Amino acid sequence: MEPLSWGAIVAQMFLQFTPVWIALVVTIALSMLFQKKLGLYGKLMGSGIGLIGLGLVLFWLFTALFANLIITHDPLAVISGMKNKLPGTPLPDGNDVYAYYLLGGDNLARDVFSRMVMGAREVLKIAPAATLFAFLVGISLGVPAGYFGGTFDTVLSFIANLVLAFPVILLFYLLVTPEIVQSGLPTAMAAVLFLFPIIFMCILWNARYLAQPTTRAIYIGTTLVIGLWLYLGLAFNADPLGIISMTPNVLIVFVSVVFVNSPTVFRIVRGLVLDIQTRDYVSAAKTRGEGPWYIMLWEILPNARGPLIVDFCLRIGYTTILLGTLGFFGLGVSPESPDWGSTINEGRRLLSIYPHPALPPAIALMSLVLGLNLLADGLREESLKD
Amino acid sequence: MGLFILRRLGVMALTAFCLTFVVFVLTNLAPNLEKLAKTQGNMRMTDEQVVSWLNENGYGQPMMVRYGEWLGVVPGWTGEDGQGRDIGRCVEPGQAVEDAPRRCGLLQGDLGYSTVFREDVSAIVGYRLGLTGWLMFYVMLVMVPMALIIGVLAGMREGSRTDRSLSTVSIVTTATPEYVSGVILIAVFASSVVGLKWFKGTAASAMNDITFENFTLPVMTMALYGMGYIARMTRASMAEVMNAQYIRTARLKGLPFRSIVLKHALRNALIAPFTVIMLQFPWLLTGVVIVETLFNYKGFGWTLVQAASNNDIELLLSCSVVAVVVVLLTQLISDIGYVYLNPRIRIA
């Protein structure tokens with residue numbers, strides 16, 4: 001068989017992505033239809049930059065979701081004779097799977113295209129969740145630090161600055177090693193860090209339904225049951241039902257990324273709280289006799305959401321870059337893993353002779369981060385308009 | 001002002017102390033010491049051999065004592081090797097214990113001995129920092145003017161077509177981490193596939209002789225990622241200044257746009273970017289590690305990777321001291337500089 005031309009490669013890839021295109025068109029069309037009812041998200045449809053950003057982010061999100069339908073080959077399968085082959089090379093005869101390596105083969109004769117698609121799933125499995133955890137940790141510490149001030153604030157700010165003064169890369173090299181995993185430190189860190197979301201939710205419900213003991217008991221009870229179940233599964237790998245678990249490798253990567261991100265979130269939240277607590281509605285709540293936690297979580301926090309949402313988008317992008325850095329240095333993830341950072345790392349050794357294995361994951365990572373940045377920009381612009 | 005600087009220096013020392021302690025604890029965890037013993041001795045050591053190797057080389061003492069030794073507040077360990085010669089932390093090979101200084105640590109200016117490079121740490125750090133200094137110098141030389149020009153041009157007329165396109169360029173560069181832009185630049189300008197081959201894909205030869213051919217790609221890779229951020233900050237600052245009252249006054253007086261921008265707006269618009277540029281140094285540190293690894297330029301970042309992956313405790317400690325000092329010193333300079341540049345703060 002003849003190798004595919006570049007036009008044919010692009011057309012074939014377009015076809016492979018069909019499920020993504022369908023999902024993308026449906027989502028955007030529905031959002032356009034109900035634009036008026038969707039608040040800030042709806043307004044995004046009107047801004048060019050925001051829409052492009054949203055499109056890029058959704059593209060990779062759907063790619064991660066439908067990765068199984070899109071890939072042409074098993075991302076770990078080696079097909080002999082395909083080592084470092086150029087994009088569009090047909091497979092040797094006798095393989096009844098998809099007939100071409102659309103983006104060529106890497107130096108272990110695996111399909112670059114399928115690895116890139118599967119990489120999206122690897123990245124989007126960790127980055128948003130890790131960012132969310134970092135936010136919950138940062139918010140649960142930053143709001144009281146800003147509101148109460150005093151020694152609590154001084155100590156926490158010093159610790160936050162301490163972590164921020166640490167070069168990220170050195171921290172990763174120290175934390176993400178098999179030796180550290182052996183020593184049990186990641187589990188201990190996870191045990192502390194993963195506790196924050198549960199505490200946060202409990203205080204949130206407690207402050208809201210203080211006057212309605214039954215409702216409060218239901219909400220806190222549900223939170224505790226689900227929270228502790230996830231907590232046991234994620235932090236200690238001891239889920240009694242055996243559904244939730246995290247391999248030690250992923251756990252240490254997850255924990256380090258949360259650990260690196262949360263001090264920055266802490267500082268942002270603290271600054272916002274210091275600013276908002278001087279407003280009149282906070283004084284009004286104080287005069288009404290509301291408790292400090294109610295004021296913090298139900299008066300101040302909702303009013304800080306604008307900058308926080310924008311920063312959340314930016315921070316997912318930054319986390320993606322961090323994960324890529326980890327992969328680039330071969331830290332944490334297994335060497336087989338198709339995540340973008342590791343793939344770039346593998347491809348860079350032969351870069352000046354065979355650039356094609358390293359370029360697709362590089363461009364994929366860039367477009368996802370670009371999408372998130374544009375989305376954050378669009379959100380910022382739209383939220384400043386009112 | 002003097003008190004302010006003194007307080008900041010005090011916080012800096014405390015931060016450096018805490019951070020080196022954390023690094024010390026992490027590198028001295030039992031599994032890490034075992035790995036060190038096996039790489040220094042031989043890979044097939046039994047557990048007893050590992051313990052005796054650690055004891056012989058001074059790693060057997062409690063962790064706090066050894067941290068004190070490294071700091072130079074506790075006397076260094078001494079002992080005898082298999083042939084009855086004196087060995088110890090402060091003892092040079094062939095020297096007798098009595099002739100050696102009792103304490104040798106950070107406070108005495110002795111950074112220790114690298115187990116990977118088999119050389120004094122201070123010599124390694126000095127040489128490698130020099131190499132990275134050149135890289136940083138050229139990066140700053142390219143990045144800062146480019147970022148300022150882009151930012152000023154974009155912020156000069158907010159919302160114009162120039163603004164839109166330049167802002168997009170800066171968003172794209174901030175979304176491209178070093179390992180992505182480096183890979184793309186090498187593929188385009190140095191690979192045999194595209195065939196341009198303008199530059200070299202490795203900067204190993206730049207350690208002895210920096211040329212346009214071998215240094216352009218690493219410098220551009222680093223400058224691009226940092227540039228976008230500074231440019232966006234400059235743009236925001238410039239746009240804010242251009243909306244200020246005194247610019248309107250200058251316009252109403254009928255001054256040409258050119259002189260409004262150059263004489264009235266520019267000086268005030270450049271205060272905020274100064275802080276951003278100074279705070280960019282810590283970011284550059286991560287960039288340095290990536291770029292030096294990617295382009296095989298054996299500077300400070302490369303040394304840090306070597307030290308970390310081989311658990312070279314004393315080299316790693318010195319690297320973290322240097323890194324922390326760089327981070328905190330740039331913060332200090334940016335704070336002081338900000339006060340001097342902005343009269344509103346100086347008076348208040």
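Okay, quick reminder before we start: what you're looking at is a predicted model.

Two packed helices are described by the angle between their axes and the distance between the axes. Take H5(B), residues 121-156, and H11(B), residues 271-295: their axes sit 11 Å apart, at an angle of about 135°. That angle makes H5(B) oblique to H11(B). As for handedness, the crossing of H5(B) past H11(B) is right-handed. Who makes the contact? From H5(B) we have Thr132(B), Leu135(B), Met136(B), Val139(B), Val144(B), Leu148(B) and Gly151(B), and from H11(B) there's Pro273(B), Ile277(B), Leu284(B) and Val288(B). If you sort that H5(B)–H11(B) contact by class, you get 9 nonpolar residues, 2 polar and no charged ones.

Over to chain A for another pair. Here H6(A), residues 112-148, meets H16(A), with the axes coming within 9 Å and crossing at roughly 125°. These two, H6(A) and H16(A), are therefore oblique to each other, and their crossing is right-handed. On the H6(A) side the contact uses Val123(A), Ile126(A), Ala127(A), Pro128(A), Ala130(A), Thr131(A) and Phe135(A), while H16(A) brings Phe312(A), Arg315(A), Ile316(A), Thr319(A), Thr320(A) and Leu323(A).

Now, the contact between the chains. How many residues does each chain put in? Chain B gives 40 and chain A gives 35. Several helices of chain B supply at least two residues each to the side touching chain A, among them H1, H2, H6, H7 and H11. That side of chain B comes out as 30 nonpolar, 9 polar and 1 charged.

H7(B) deserves a moment of its own. With 12 residues, H7(B) reaches 16 Å from first C-alpha to last, close to the 16 Å expected at 1.5 Å a residue. Buried residues in H7(B) are Glu178(B), Tyr179(B), Val180(B), Ser181(B), Gly182(B), Val183(B), Ile186(B) and Ala187(B). And what do the buried residues of H7(B) pack against? Across in chain A it's H16, H17 and H18, and within chain B it's H8 and H11.

Most residues other than glycine have a negative phi. You'll find Arg118(B) in the loop between strands E3 and E4 of chain B. Buried or exposed? Arg118(B) counts as exposed, because there are 7 C-beta neighbours inside 10 Å. The other one is Asn296(B), again not a glycine, with a positive phi of about 55°. Asn296(B) is in the loop between H11 and H12 of chain B, and with 15 other C-beta atoms within 10 Å, Asn296(B) is partly exposed.

Last stop, Phe266(A), which is in H13(A), residues 248-276. Phe266(A) has 27 other C-beta atoms within 10 Å, so Phe266(A) is buried. Leaving out residues up to four places away in sequence, Phe266(A) touches Gly138(A), Leu141(A), Gly142(A) and Ala160(A). For a sense of distance, Phe266(A) and His73(A) are 193 residues apart along the chain, and their C-alpha atoms are separated by 43 Å.

That's my tour, thanks.

Technical notes: Residues numbered from 1 in each chain as written. Chains lettered and ligands numbered in written order. Predicted model: local features only at pLDDT ≥ 70, side-chain atom pairs only at ≥ 80, totals over all residues. Axes fitted to C-alpha atoms, helices over the stretch in contact; angles between N-to-C directions. Helix = DSSP H or I, 4+ residues; strand = E, 2+ residues; numbered from the N terminus. Parallel < 35°, antiparallel > 145°, perpendicular 65-115°, else oblique. Left-handed = near helix turned anticlockwise from the far one by under 90°. Contact = placed C-beta atoms within 7 Å. Nonpolar A, V, L, I, M, F, W, Y, C, P; charged D, E, K, R; others polar. Expected span 1.5 Å × (residues − 1). Buried ≥ 20, exposed ≤ 12 C-beta atoms within 10 Å, placed from the backbone.
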